[in-house]
Amino acid sequence: MKMKSYADFDEYQADQRPKNQAIIRALRKFVKRRAPKLQESVKWGHGCWLKGNDPVCYVYSEADCVQFGFFRGAALEDPKRLLEGKGKFVRHIKVHKAAGIDERSFGALLKQAAR
């Protein structure tokens, strides 16, 4: 199956379900506030944030939620156990609505990931 290609993050967001667009929009604002030096990009068919050339975090649109994930999530301290996944590196949080973004907890993870 061929991966969809997007010119930029805006185009990626616009191609998602309306409910997920709202979540992605809120996550974009959150990342911009908490880690303004990260750059938006589209990698592997999904919205990502980069530090230089290094991918830090991403959004992945599912049917019922949006994953807010971290490429090196397995190495992050996660005292609230928000992160899901069993891969060697990547972990994510399933966000079901924009109001579900926990500024403090998500911010702590993002701060670690952006180092």
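**Entry 1: helix α3**

I began with what covers the buried residues of α3: the list includes α2, β2 (46-51), β3 (54-61), β4 (66-70) and β5 (91-95). I note here that this is a predicted model.

Next I looked up which residues of α3 are buried. They are Ser105, Phe106, Gly107, Leu109, Leu110, Gln112, Ala113 and Ala114.

I then checked the length of α3. The helix has twelve residues and spans 15 Å from its first C-alpha to its last. That is close to the 16 Å expected at 1.5 Å a residue.

What caps the N-terminal end of α3? I found Asp102 there. One of its side-chain oxygens sits 3.2 Å from the backbone nitrogen of Arg104.

**Entry 2: salt bridges**

I turned to the charged pairs. The count comes to five salt bridges.

**Entry 3: Arg33 and Glu103**

I stayed with α3 for this pair. Arg33 forms a salt bridge with Glu103, and the closest N and O atoms are 2.3 Å apart. Arg33 lies in helix α2 and Glu103 in helix α3 (residues 103-114), so the pair ties together parts 70 residues apart in sequence. I looked up accessibility for both partners. Arg33 is partly exposed at 49% relative accessibility. Glu103 is also partly exposed, at 30%.

**Entry 4: Glu40 and Arg28**

Glu40 pairs with Arg28, with 2.6 Å between the closest N and O atoms. Glu40 is in strand β1 (residues 39-43) and Arg28 is in helix α2. The two are twelve residues apart, and their pair links distant parts of the chain.

Is Arg28 buried or exposed? I found it buried, with a relative accessible area of 13%. The cut-off for buried is under 20%, so Arg28 at 13% qualifies. Glu40 counts as partly exposed, at 39%.

I also checked for shared partners. Salt bridges that share partners join Asp10, Arg28 and Glu40 into one network.

**Entry 5: Lys4 and Asp15**

I finished towards the start of the chain. Lys4 forms a salt bridge with Asp15, and the closest N and O atoms are 2.7 Å apart. Lys4 lies in the segment before α1 (9-14), while Asp15 is in the loop between α1 and α2 (18-34). The bridge therefore ties together parts that are eleven residues apart in sequence.

Lys4 comes out at 51%. The cut-off for exposed is over 50%, so Lys4 counts as exposed. Asp15, at 35%, counts as partly exposed.

Conventions:
Residues are numbered from 1 along each chain as its sequence is written. This is a predicted model: local features need pLDDT of at least 70, side-chain atom pairs count only at pLDDT 80 or more; totals for chains, interfaces and linings use all residues. Side-chain values use heavy atoms; hydrogens and water are left out. A salt bridge is a side-chain nitrogen of Lys or Arg within 4 Å of a carboxyl oxygen of Asp or Glu. Helices (H or I, at least four residues) and strands (E, at least two) are DSSP runs, numbered from the N terminus. Buried means under 20% relative accessible area, exposed over 50%, partly exposed in between (1.4 Å probe, protein chains only). The expected span of a helix is 1.5 Å times one less than its number of residues. Contact means heavy atoms within 4.5 Å. A polar contact is a pair of N or O atoms within 3.5 Å; within protein, one must be able to donate a hydrogen and the other to accept it, and residues adjacent in sequence count only if both atoms are side-chain atoms.
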